[in-house]
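This report looks at how selected parts of a chain pack against one another. Please keep the sequence and the model open while reading.

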Amino acid sequence: MTTMTEKAKDLVKVDPRDGKLALAHVYVAFVALLIGGLCGLLQTLVRSGQFTLPWGIGYYQLLTVHGVLLALILTTYFIFGFQIAAVSRTAGTLTDKQRLLGWIGFWTMTIGTIAAAVMVLLNKASVLYTFYAPLQAHWIFYVGLALVVVGSWIGGAGQISKYIEWRKTHPGQPSPLLTFMVVVNLAMWIICSLGVAVEVVFQLIPWSLGWVDKVDVLLSRTLFWYFGHPLVYFWLLPAYMVWYVVVPKIIGGKIFSDALARLSFMLFLIFSIPVGFHHQLTEPGIDSFWKFLQVVLTMMVVIPSLLTAFSLFASFEIRGRELGGKGILGWFKKLPWKDARFVVPFIGMAAFIPAGAGGIINASNQMNQVIHNTIWVTGHFHLTLATSVVLTFFGASYWLIPHLTGRVLTKQMNKLAIIQAIVWAVGMSIMSGAMHIVGLMGAPRRSDFSTYGGAAQATDWIPYQVAQAVGGTILFVGIILVLYIVANLLWFAPKGETEFPIGEVSENAEKTPMALENWKIWLTICILLILFAYTVPVIDMIQNAPPGSIGYKLW
């Protein structure tokens with residue numbers, strides 16, 4: 001079976017009006033993938049030392065386009081498209097007001113994206129996706145990013161409103177699991193993006209406009225990483241939604257535990273935000289106690305990750321044994337290895353094992369000293385976001401897009417999707433593997449090709465940089481393949497009905513305690529942890545602020 005095709009009357013479908021809003025987000029996401037992916041390919045070619053950019057294009061210009069479009073735009077737009085469809089499918093059709101909020105949010109984000117993109121293309125904002133001060137971009141770039149964040153709040157409000165409406169009409173009942181997960185992700189996003197909004201609006205925009213001469217670099221980076229690490233989980237949790245709720249249905253099994261899934265999401269909410277200092281372990285001006293505290297809180301995120309791994313593989317094993325799997329691993333062979341909707345996200349799951357191990361290294365104080373600001377970190381980033389998350393998004397597209405367009409995934413496209421995932425995995429293994437290895441040899445991140453004056457150490461890095469270019473080229477082939485499949489599902493695939501798969505909870509699962517949806521408890525814990533982790537060090541930064549820095553444009 002390449003798609004779950006049933007009679008229309010047996011399907012619960014996303015309302016076409018909600019589907020149109022979801023698809024608008026998906027369109028932008030895949031346009032961002034094409035442009036950002038091309039810039040990524042060119043970056044790897046430049047870093048190999050075998051290619052020079054034409055027409056005066058700057059390396060850091062490419063790097064900024066790649067980072068902003070793939071890490072911020074592709075992810076945010078796809079996530080919102082997926083979440084809109086998920087809420088509509090599980091909590092009911094959006095009201096006109098909720099849908100209007102979605103459209104206002106979409107256009108606000110899109111106007112902001114275009115404004116920021118224009119500044120980068122004019123080479124007035126080559127400050128990378130972290131837009132670290134004291135590198136200074138044009139004020140329109142910062143205003144554009146602020147609009148992206150504000151637009152996401154407006155669109156998110158529509159989704160949260162639907163959840164509140166459902167709870168009011170179903171008192172005492174646990175909400176649909178997928179809708180609950182969407183709201184957890186949005187709560188985390190809104191809380192964490194307040195940090196970057198404060199940084200951009202109160203520091204970077206006045207500074208870039210010349211209203212103030214200098215910016216407090218330490219405070220601006222702290223506000224960015226207050227946002228920047230939860231951003232990783234904003235990308236990851238929608239992948240977890242697919243793994244927890246959709247994949248069990250695709251394999252013909254059941255969700256192992258509704259309560260465990262909700263608990264893991266609430267743990268991500270409370271532990272993902274007060275951990276930004278682990279990105280600043282080499283930063284002066286932050287007392288070592290507060291760095292230690294946030295490293296400890298970072299390690300707590302391992303708990304919901306392990307809960308997720310246990311739950312997923314329990315669902316897989318139970319289903320495999322139902323299908324006749326014997327022995328320790330016989331069940332593994334019984335999984336639907338010819339169904340792209342399972343295989344593609346599964347490769348993403350498998351990649352998260354080394355990615356998670358690398359994350360523990362990054363967040364460990366002593367080991368971080370070895371790899372901080374080396375391309376090891378970039379390799380880790382490409383395993384987490386560009387493999388685990390992005391492959392899961394691709395896998396979700398193979399049922400989400402045909403569901404919204406009234407088409408079906410054909411056998412040919414299903415086979416091509418599996419080939420695409422294998423191509424992606426091979427390309428990423430080569431590129432990310434080379435990044436990890438050469439990072440341990442000291443090769444820096446965020447850097448153009450250089451021989452560093454013929455230094456022997458830099459010469460040793462070059463073969464690995466060539467390997468990165470090889471891997472990057474293979475990955476770009478993977479991008480072309482997925483865009484071909486997506487275009488087919490949007491406009492050319494045969495008409496038909498495709499299910500939006502929602503798993504049922506196992507009859508053996510324990511009852512879900514309503515305490516897991518008591519937002520007063522969980523948000524209070526979340527806010528208290530944030531205040532505990534950040535209040536004293538931020539007050540110290542403000543009271544003992546350095547002189548500040550003027551803006552620099554080094555490109």
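**Helices α1 and α3**

The crossing of α1 and α3 is left-handed, a term used when the near helix is turned anticlockwise from the far one by less than a right angle, right-handed being the clockwise case. Helices (H or I, at least four residues) are DSSP runs, as are strands (E, at least two), numbered from the N terminus. The contact, meaning heavy atoms within 4.5 Å, involves Arg17, Asp18, Lys20, Leu21, Ala24, His25 and Val28 on the α1 side, and Asp96, Arg99, Gly102, Trp103 and Phe106 on the α3 side. Sorted by class, these residues are five nonpolar, two polar and five charged; Ala, Val, Leu, Ile, Met, Phe, Trp, Tyr, Cys and Pro count as nonpolar, Asp, Glu, Lys and Arg as charged, and the others, Gly among them, as polar.

**Basis of the model**

The model is predicted, with local features requiring pLDDT of at least 70 and side-chain atom pairs counted only at pLDDT 80 or more, while totals for chains, interfaces and linings use all residues. Residues are numbered from 1 along each chain as its sequence is written, and side-chain values use heavy atoms, with hydrogens and water left out.

Apart from neighbours within four places in sequence, Phe131 contacts Phe141, Tyr142, Leu145, Val196, Glu199, Val200, Leu204 and Phe224.

**Arg262 and helix α7**

Arg262 lies in helix α7 (residues 258-271) and, at 1% relative accessibility, counts as buried (under 20% relative accessible area, with exposed over 50% and partly exposed in between, for a 1.4 Å probe and protein chains only). Beyond neighbours within four places in sequence, Arg262 is in contact with Pro174, Ser175, Pro176, Leu177, Phe180, Thr512, Leu516 and Glu517.
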